[in-house]
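Reader: I have a new model open and want to learn how to read it. Where do we begin?

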Amino acid sequence: MKNDSALGDMSFEEFKKSSNEVSEWINNYLNNIEKYPVLSPVKPGDIINSLPADPPAEGTSVESILNDLNDKIIPGITHWNHPAFMAYFNSTSSSPGMLAEFIIAALNINGMLWRTSPAATELEIVVLRWLRKMTGLDDSFEGIIYDTASVSSMHAIAAARERTGYNIRLKGMSGRKDLPLLRLYCSEFAHSSIEKGAITLGIGIDGVRKIGVDKEFRMDTALLRKAIKEDKKIGYLPFCAVATIGTTSVTSIDPVSDIAEICKENNMWLHVDAAYAGNAAVLPELKWIMDGTEKADSIVINPHKWMFTPIDFSAFFIKDKDILRESFSLIPEYLRTEDNSAENFMDYGIQLGRRFRSLKLWFIIRYFGVEGIISRIRENIRLAKEFEKWIDSSSEFVKMAPVYFGTVCFRAVKEGLNIDDLNRMNEKLMHEINATGKIFISHTKLDDYFILRVVTSGLRTEEKHTALAEDILTQKYKEVFS
Ligand SMILES: Cc1ncc(COP(=O)(O)O)c(C=O)c1O
């Protein structure tokens with residue numbers, strides 16, 4: 001069906017009708033989400049081949065676009081909002097977050113300067129102060145929202161690099177004889193985004209030294225001390241360490257307080273990556289996971305990972321916001337404003353244009369309330385602990401790491417098989433499980449073992465879904481290992 005608008009936007013009448021259709025579509029989608037295969041079964045190129053090579057010359061109705069969405073796009077969707085999406089860190093979005101996204105698009109503000117929407121800047125400040133309080137972070141941290149934890153950590157490393165005093169912002173790094181090689185430290189279990197930050201900032205992958213871990217996969221601080229000493233001896237400048245609260249593979253928690261002491265002794269920046277697990281610090285019983293962060297220079301927490309916020313939303317907290325501004329602020333004439341009393345968030349990073357992300361978390365915190373968020377995250381953790389008990393009681397599977405949050409790491413075992421065969425069969429088991437379309441799990445490697453991960457931190461995940469995971473694991477184990 002052709003639409004009749006020749007100029008301007010959709011008419012108000014049509015928008016009203018179409019927004020009702022879209023809202024109906026979302027309701028149906030979420031209501032029936034369990035009918036879809038969690039992991040999209042399409043092959044590479046399937047979606048491209050199902051779509052016309054040329055753009056349509058004439059416009060069409062929203063109804064017909066929604067039909068094509070159902071027929072051509074949805075088959076290529078992996079359903080992150082599915083309650084049995086148990087892979088990676090399963091970011092799920094909540095309805096209040098979705099409603100906020102709708103309004104964000106309607107307002108379409110660009111929060112680059114305070115005056116380009118004062119409420120965007122000021123709500124960002126307020127919402128991040130709320131999040132700081134909720135997670136028990138020290139009051140001396142000030143917040144800023146970026147899109148992802150990768151970008152937040154990159155900004156932390158940039159601030160650390162600036163603090164070396166070598167004026168890299170102005171002079172760059174290449175060809176400088178006065179600049180020692182910079183070295184950053186993180187554990188073997190740190191997220192790959194730390195190395196990507198180092199790549200981006202000219203530190204290079206060789207500028208990142210990975211430190212070994214103890215039996216519970218926490219950074220070994222004796223090894224950190226030794227590494228810094230060795231590096232200093234051969235002329236490196238140790239400038240930054242990254243501690244992780246909730247590593248991606250196994251959710252281990254680095255000894256932040258001890259690492260902070262080492263950073264202080266060596267005049268190094270300490271950044272804490274709490275992208276996933278930091279959200280769990282809203283629980284009174286888990287406040288301890290933030291111990292030591294009061295001594296850090298910066299920390300990242302991603303509400304899009306576990307505070308039911310539609311992707312993207314990464315909360316970056318830093319104590320010395322000025323050093324971030326000094327690293328990035330560059331004000332061309334066309335962006336100059338007279339009012340110096342207000343914050344212009346474009347000054348604190350590489351991007352100029354900024355979405356109104358704070359509105360999402362504001363909606364979510366307002367709608368659920370802090371207590372509502374606590375009870376939901378607590379339930380996610382309870383499900384993980386129940387699943388852990390099931391693993392512990394089974395003779396086919398063994399747990400591979402302590403369970404602190406909503407993530408359980410384990411592998412299938414069978415007597416008489418060597419490690420290579422076991423790894424091959426665990427991988428096969430995972431593929432067979434995911435091919436059922438009923439649940440979606442992911443993997444990692446630990447001490448050369450192929451490990452399965454089940455994550456229960458989805459907003460819609462219930463006991464029946466972890467029970468389903470147990471049934472499928474049992475059944476597929478029999479098929480693969482028989
Ligand atoms: C601990 C940790 N840090 C950083 C990231 C990167 O997150 P993002 O996708 O927001 O860049 C992840 C992703 O899972 C993570 O687990």
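Author: With a term. Helices are DSSP runs of at least four residues, numbered from the N terminus. Keep in mind that this is a predicted model.

Reader: Which elements give two or more residues to the lining of the largest pocket?

Author: Helices H1 (12-31), H3 (62-73) and H4 (95-107) do. H1 gives the largest share, eight residues.

Reader: How do the residues of that lining divide into nonpolar, polar and charged?

Author: There are 16 nonpolar, 11 polar and one charged.

Reader: What about the second largest pocket?

Author: About 610 Å³ of space lies in it. This pocket is lined by 30 residues, and Phe89, His191, Ser192, Thr248 and Ser249 lie nearest its centre. Helices H6 (149-163), H8 (192-200) and H11 (303-306) each give two or more residues to the lining, and so does strand S11 (440-446). The lining divides into nine nonpolar, 15 polar and six charged residues.

Reader: Now strands. Is S8 mostly covered or mostly open?

Author: Look at how much of each residue a probe can reach. Under 20% relative accessible area counts as buried. In S8 (residues 314-318), five of five residues are buried. Check both faces. Ser314, Phe316 and Ile318 are buried on one side, and Ala315 and Phe317 on the other.

Reader: Which strands pair with S8?

Author: Look for bridges. S2 (residues 142-146) pairs with S8 in the antiparallel sense, over five bridges. In that pairing, Gly143 has Phe317 as its bridge partner. S7 (residues 298-301) also runs antiparallel to S8, joined by four bridges. There, Val300 has Phe316 as its partner.

Reader: Where does Phe313 lie?

Author: In the loop between H11 and S8. 

Reader: Why does Phe313 count as buried?

Author: Because its relative accessible area is 0%, and the cut-off is under 20%.

Reader: Which residues does Phe313 touch, beyond those up to four places away in sequence?

Author: Among them are Leu128, Ile145, Tyr146, Asp147, Asn302, Pro303 and His304. Arg357, Ser358, Lys360 and Leu361 also touch Phe313. Take Ser358. It sits 45 residues from Phe313 along the chain, yet their C-alpha atoms are separated by 8.3 Å.

Technical notes:
Residues numbered from 1 in each chain as written. Predicted model: local features only at pLDDT ≥ 70, side-chain atom pairs only at ≥ 80, totals over all residues. Heavy atoms only, no water. Buried < 20%, exposed > 50% of the residue type's maximum accessible area, 1.4 Å probe, protein only. Pairing = 2+ DSSP bridges. Nonpolar A, V, L, I, M, F, W, Y, C, P; charged D, E, K, R; others polar. 1 Å grid on protein atoms, 1.4 Å probe; cavity = no way out; pocket = protein on both sides within 12 Å on 5 of 7 lines; lining within 4 Å. Points joined across faces, edges and corners; volume = space filled by probe spheres on them. Contact = heavy atoms within 4.5 Å.
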